[in-house]
Amino acid sequence: MSAPDISEMGWREWLLSERPQSRSQARLGRAYMTWRRFTANQLAVIGLFIILALVFVAIFAGLLAPYSPVVGDLRGARLLPPDWAHWMGTDDQGRDILSRVIYGSRLTLYVIVLVALIAAPIGLIVGTVAGYAGGWTDAILMRITDIFLAFPKLILALAFVAALGPGIENAIIAIAITSWPPYARIARAETLMVRNSDYIKAVEIMGASPGRIIMRHIMPMCISSLIVRVTLDMAGIIIIAAGLGFLGLGAQPPLPEWGAMIASGRRFILDQWWVAAMPGMAILVVSLGFNLLGDGLRDALDPRSSGQ
Amino acid sequence: MTNEPGRRRKKASALALALLRFVFIAAVTFLGLIAVTFFIGRVMPIDPVLAIVGDRAPASVVAAARQQYGFDLPVWQQFLLYVQKAVQGDFGTSVLSTYPVMQDIRRVFPATLELATVGTLIGLLFGIPLGVLAAVKRGSFLDQAVRVIGLIGYSMPIFWLGLLGLLVFYARLGWVEGPGRIGIAYEYTFTPVTGLYLLDAIIQRDWSVFRDVFSHIILPASLLGYISMAYISRMTRSFMLNELAQEYVVAARAKGLSEARIIWGHALRNAAVPLVTVIALSYATLLEGSVLTETVFSWPGIGLYLTNSLQNADMNAVLGATIVIGAVFIALNLLSDLLYQLLDPRTRS
């Protein structure tokens, strides 16, 4: 049987083929369909663009920023309004706000990546173990999860940072501690769905250990819904991190963290509004980007709920 | 029917079981809340004994205080003591105000309650109509606009919005009063009864105070209301879409009812049940959002109390305020679950 290959069919037909010739073709085809659904949502594409721009700016901050983010011109450039030399104006230390916002994108990215890297695995492990083990283990783990879920996130993070001491690393730990419960819930729900399926029974009969079953056969099934949820949560993480920064509990000066920049601009809000307004704009744009992206991802990956 | 009493008894026992389960979950969650704050109190770098006696007290005084406050006991005994006190509302004394923490919280809590209530009302006033319209005109420009307005609400750092609001509506336009809860002219002449100033002004028929208080609360409450509206409109839309797809809507159309009657009279009434739970949750969210809002607006509520205590390392006050906010938040969450079960006959089977 000679299968028509890509050169004869063209990429689109190959991807959308009703009879995929290999697993990878089927997988790529599905991914392509998801991508099509995703790009049909213009708002989601805008979100994706914003996030890519954030990553780009963070990587090339050194090249893009016109001035130093930490050392300002105290004599000649204090509290200047936005103009051609300083697009976003300067702050009370004579530092260029645009440069600080650009470097601040690194801190924002740092926070959300670390929170995701800490919180998602905790939730994944708790949820899959609870779902697979069942019984008392499930009951106890889920009660703990519910206790954390019932907490107001910002308040809990505040209390943790108060105990750990202010600083960006402690803020990350505090936010991660408050962020994992929804992931555990999702992972558990996914685990319950596949737990009694035939392929799990098959590996059980083959003598796979519970640890191996959870790691190799259950966790991969939970990843995609977890990614969507993490993306949806990114905006909330950014806002909480900025809130901690605003209260002086997150990143410490002279780090150009956006929330802390708003706090330092608060004194000048009535006359030099740009000092507080510009970093807030950055927070709004980036977290809106994540919200748009998450919204679109949810619709694209879960066709049932699209349009709802 | 011969088996009617038996069935009723069975129903009653099922309800009792559900209530028992509810009480158990509530108790475990509250205990968890207290355990977490206890743990936070343990790991913090501030020695609570030194905070009371001062760091220049002689060793004998420190030891005596350590014994008096139970810090020499094993950890589990300390925890039991802590739980016992917390349940009675005893969170110790605030170093900053020198009053018992609970007394402080009782004083400041009405301010937060008033702000969150007005905020939720504003959120409902705009959120429900917008959600209904978005569902009815699904896929239209209006629908997209409501979606984007909602997403912007989710993405907004509220403390920043508050600062800009003060800049525009207070400093530039002069439409509202600035930070604080009541004007300096009334602060010492006005005697609150309930602690909710709007209500107090109405009770005392003091309209000039009412105008002043209203003019103070409207800006922070509107900003919180926007956040709440973002959530309520989104949920309303999704509930309404669900209801509008039901068969009774088709039946009502076939009967020739007006579209307005179908939407507002039939579909929205059925969507109201899950919406009640959303309102409780949104209330809880505003309670949390009030922490940052109060800081920006110098609003003398529990949020400002918490952040002030934080900045002065007043740990009794921080943990006490955390427990109270957490307890109210948990209670609202549980209440929304319970309301859902009570209001929707379908979940009672």
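This briefing covers the contact between chains A and B, one helix of chain B, and a record annotation on chain B. The model is predicted. The contact draws 36 residues from chain A and 39 residues from chain B. Helix H7 of chain B, residues 158-172, has buried residues that are covered in part by elements of chain A.

**The side of chain A that touches chain B**
- At least two residues each come from helix H7 (135-149), helix H8 (153-164), helix H11 (210-246) and helix H13 (274-301) of chain A.
- H13(A) gives the most to this side, with ten residues.
- By class, this side of chain A holds 26 nonpolar, six polar and four charged residues.

**Helix H7 of chain B**
- H7(B) runs over residues 158-172 and has 15 residues.
- From its first C-alpha to its last, H7(B) reaches 20 Å, close to the 21 Å expected at 1.5 Å a residue.
- Buried residues in H7(B) include Ile158(B), Phe159(B), Trp160(B) and Leu161(B), and also Gly162(B), Leu163(B), Gly165(B) and Leu166(B).
- From chain A, the cover over these buried residues includes H11, helix H12 (258-265) and H13.
- From chain B, the cover includes helix H10 (207-244) and helix H12 (259-297).
- Gly174(B) follows H7(B) and has a positive phi, near 70 degrees.

**Annotation on chain B**
- In an unreviewed entry, UniProt lists residues 109-340 of chain B as "domain: ABC transmembrane type-1".
- In the model, residues 109-340 of chain B are 82% helix and 0% strand.
- The end C-alpha atoms of that span lie 27 Å apart.

How values were computed: Residues are numbered from 1 along each chain as its sequence is written. Chains are lettered from A and ligands numbered from 1 in the order in which they are written. This is a predicted model: local features need pLDDT of at least 70, side-chain atom pairs count only at pLDDT 80 or more; totals for chains, interfaces and linings use all residues. Two residues are in contact if their C-beta atoms, placed from the backbone, lie within 7 Å. Helices (H or I, at least four residues) and strands (E, at least two) are DSSP runs, numbered from the N terminus. Ala, Val, Leu, Ile, Met, Phe, Trp, Tyr, Cys and Pro count as nonpolar, Asp, Glu, Lys and Arg as charged, and the others, Gly among them, as polar. The expected span of a helix is 1.5 Å times one less than its number of residues. A residue is buried if 20 or more other C-beta atoms lie within 10 Å of its own, exposed if 12 or fewer, and partly exposed in between; C-beta atoms are placed from the backbone. UniProt positions are given in the numbering used here, feature names are shortened, and annotations may be inferred rather than shown by experiment.
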